[in-house]
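Reader: Please take me through the side-chain pairs of this model, and let each answer close on the value or name that I ask for.

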Amino acid sequence: MKIFKENYLKLKTIFSAESDNTKEILNSYGRYLNGDASKKEMEEANEKFRDLLKAIGLGSLCIIPGSIITIPAILYAAKKIGIDLLPKSFYEQFPNLKSEK
């Protein structure tokens with residue numbers, strides 16, 4: 001039960017960070033449209049947006065029947081060949097999920 005609670009708290013932190021990142025992305029894009037965003041700010045916003053797309057992609061896989069088996073298999077295979085499919089916030093909380101390459 002303790003491991004479940006620890007992992008739950010980690011996931012809560014991840015989703016909170018993703019929510020904050022989404023707000024930052026929208027603010028940066030808004031500043032860009034007004035001509036107020038720097039190149040570095042836009043690069044950071046685009047990186048966060050890529051992470052958001054990763055989360056959305058994996059989230060959409062959850063509706064597929066059998067996803068409880070296929071998602072871990074996909075993540076395992078991606079890890080073995082050096083592809084990181086999860087947003088960075090997941091790797092900060094669960095470093096063992098990071099690809100080996």
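Reader: Is Glu47 buried, exposed or partly exposed?
Author: The model is predicted, so that local features need pLDDT of at least 70 and side-chain atom pairs count only at pLDDT 80 or more, while totals for chains, interfaces and linings use all residues. Residues are numbered from 1 along each chain as its sequence is written, and side-chain values use heavy atoms, with hydrogens and water left out. Buried means under 20% relative accessible area, exposed means over 50%, and partly exposed lies in between, with a 1.4 Å probe and protein chains only. The relative accessible area of Glu47 is 27%, so this residue is partly exposed.

Reader: Which residues are linked with Glu47 in a network of salt bridges?
Author: Lys88, which is partly exposed at a relative accessible area of 43%, has a salt bridge with Glu47. The network of salt bridges that holds Glu47 also links Lys88 and Arg50.

Reader: How many residues apart in sequence are the parts tied together by Glu41 and Arg31?
Author: The side chains of Glu41 and Arg31 meet in a salt bridge at 2.3 Å, N to O. Glu41 is buried, with a relative accessible area of 15%, whereas Arg31 counts as partly exposed at 33% relative accessibility. Since Glu41 lies in helix α2 and Arg31 in helix α1, the parts that they tie together are apart in sequence by ten residues.

Reader: With which side chain does the side chain of Ser28 make a polar contact?
Author: Ser28 is found in helix α1 (residues 2-33) and counts as buried at 7% relative accessibility. A polar contact is a pair of N or O atoms within 3.5 Å; within protein, one must be able to donate a hydrogen and the other to accept it, and residues adjacent in sequence count only if both atoms are side-chain atoms. At 3.2 Å, the partner of the Ser28 side chain is the side chain of Glu41.

Reader: What is the angle between the planes of Tyr29 and Phe49?
Author: Rings of Phe, Tyr and Trp (its six-membered ring) pair if their centres lie within 6.5 Å, with planes under 30 degrees apart counted as stacked, over 60 as edge-to-face and the rest as tilted. By this rule the count comes to one aromatic pair. Tyr29 and Phe49 form this edge-to-face pair, with 6.2 Å centre to centre and an angle between the planes of 70°.

Reader: By about how much are Asp51 and Lys54 separated along helix α2?
Author: Asp51 forms a salt bridge with Lys54, with the closest N and O atoms 4.0 Å apart. Asp51 counts as buried at 7% relative accessibility, while Lys54 is partly exposed at 29%. Because they are three residues apart in helix α2, their separation is about one helical turn.

Notes:
Helices (H or I, at least four residues) and strands (E, at least two) are DSSP runs, numbered from the N terminus.
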